[in-house]
Amino acid sequence: DTVSVSSTATLTIAAGVKVRFAENAQLVSNGRIIANGTSTSPVYFMGTGSNGQGEVYLNGIYSDSLTHCKFFGLENGLKVSNSSSGGVFLNNCDFVASENEGLKVTAGTITIDKCKANDNGTDGMYLYNCTATIDSSSFSGNKSSGIYAYSVNSSSKFSNSTFSENGEGTSSSPEAGIIFYNCSPAIDHCDVSDGGQYGLYGAN
């Protein structure tokens, strides 16, 4: 089942709300989502079963803002293909135990601040054909990589973030804290430790 936000609408989610997903369920926004969690009363997006269930998909043309949100036990966590010039803003959000990626971005501009991506089934965050700014975030225990960046914009930057024990749960290659293909994001003051074959892996 799919719940949609129309292109002219804004869905505002208050602190403390829990959004639960059955298998194959989606929350798809063609408009705007503003989720206003707090440190003591976050917004939860979570599956209802033991396997990854459901996903949130931002596909609008307006800026989305999610603060103190926890994405737990979903199929793909949060997917973003937002074409807004204002982009998507994630602050203090956790992406944990998704069956696949914790966060998957395939277009647009995204700002990620003080977020966590832990124990996801493939990549903590998969970034493709987008501009991504990541600061003061942590990535741990993701089976393939902490960040997989493919053809991201040259102005993308990853800074002041930690990567540990990523890439230990897959037989595929490469396994690394950060993987980047066909791009050269700026990486500044990041700590990459333990994990799979490589701390940092890049190729064109």
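**Cys130 and its surroundings**

Author: Let us begin with Cys130, which, leaving aside its neighbours within four places in sequence, is in contact with Val105, Ala107, Gly108, Ser151, Val152, Asn153 and Ser156. Contact here means heavy atoms within 4.5 Å. The model is predicted, so local features need pLDDT of at least 70 and side-chain atom pairs count only at pLDDT 80 or more, while totals for chains, interfaces and linings use all residues. Residues are numbered from 1 along each chain as its sequence is written, and side-chain values use heavy atoms, with hydrogens and water left out.

Reader: Why is Cys130 called buried?

Author: Buried means under 20% relative accessible area, exposed means over 50%, and partly exposed is in between (1.4 Å probe, protein chains only). Cys130 has a relative accessible area of 4%, so Cys130 counts as buried.

Reader: What makes strands E7 and E10 a pair?

Author: Two strands pair if DSSP finds at least two bridges between them. Strand E7 (residues 55-58) and strand E10 (residues 78-80) have three bridges in the parallel sense, and Leu58 stands opposite Val80 in E10.

Reader: Which strands make up the open sheet of nine, and in what order?

Author: The order is E1-E4-E7-E10-E13-E16-E19-E22-E25, with parallel pairing. Strand E1 (2-5) and strand E25 (198-203) each have a single partner strand, so one side of each is left without a neighbour in the sheet. Neighbouring strands of this sheet are turned by 10° against each other on average, direction ignored. That angle is taken between lines fitted to C-alpha atoms (for helices, over the stretch in contact), and angles run from 0 to 180 degrees between N-to-C directions.

Within this sheet, five bridges join strand E16 (residues 123-128) to strand E19 (residues 145-150), where Met125 has Ile147 as its bridge partner. Five bridges also join E19 to strand E22 (residues 176-181), and Ser145 is partnered there with Ala176.

Reader: What is the order in the open sheet of eight strands?

Author: That order is E3-E6-E9-E12-E15-E18-E21-E24, and the pairing is parallel. At the edges are strand E3 (18-21) and strand E24 (191-193), each pairing on one side only.

**Rings and core**

Reader: Why is the pair of Phe45 and Phe71 called stacked?

Author: Rings of Phe, Tyr and Trp (its six-membered ring) pair if their centres lie within 6.5 Å; planes under 30 degrees apart count as stacked, over 60 as edge-to-face and the rest as tilted. A search of the whole structure finds eight aromatic pairs. The rings of Phe45 and Phe71 have centres 4.8 Å apart and planes at 10°, so this pair is stacked. Phe45 lies in strand E6 (residues 43-47) and Phe71 in strand E9 (residues 69-72), so the pair ties together parts that are 26 residues apart in sequence. Phe45 is buried at 0% relative accessible area, and Phe71 is buried at 1%.

Reader: What makes the pair of Tyr148 and Tyr181 tilted?

Author: Their centres are 5.7 Å apart and their planes are at 35°, so the pair is tilted. Tyr148 has a relative accessible area of 22%, so Tyr148 is partly exposed. Ring pairs link Tyr126, Tyr148, Tyr181, Tyr198 and Tyr201 into a cluster.

Reader: What is meant by a nonpolar core, and which residues have the most contacts inside the largest one?

Author: A nonpolar core is a set of buried Ala, Val, Leu, Ile, Met, Phe, Trp, Tyr and Cys residues joined through side-chain atoms within 4.5 Å. The largest has 41 residues, and those with the most contacts inside it are Phe45, Leu90, Leu103 and Ile147.

Note on methods: Helix = DSSP H or I, 4+ residues; strand = E, 2+ residues; numbered from the N terminus.
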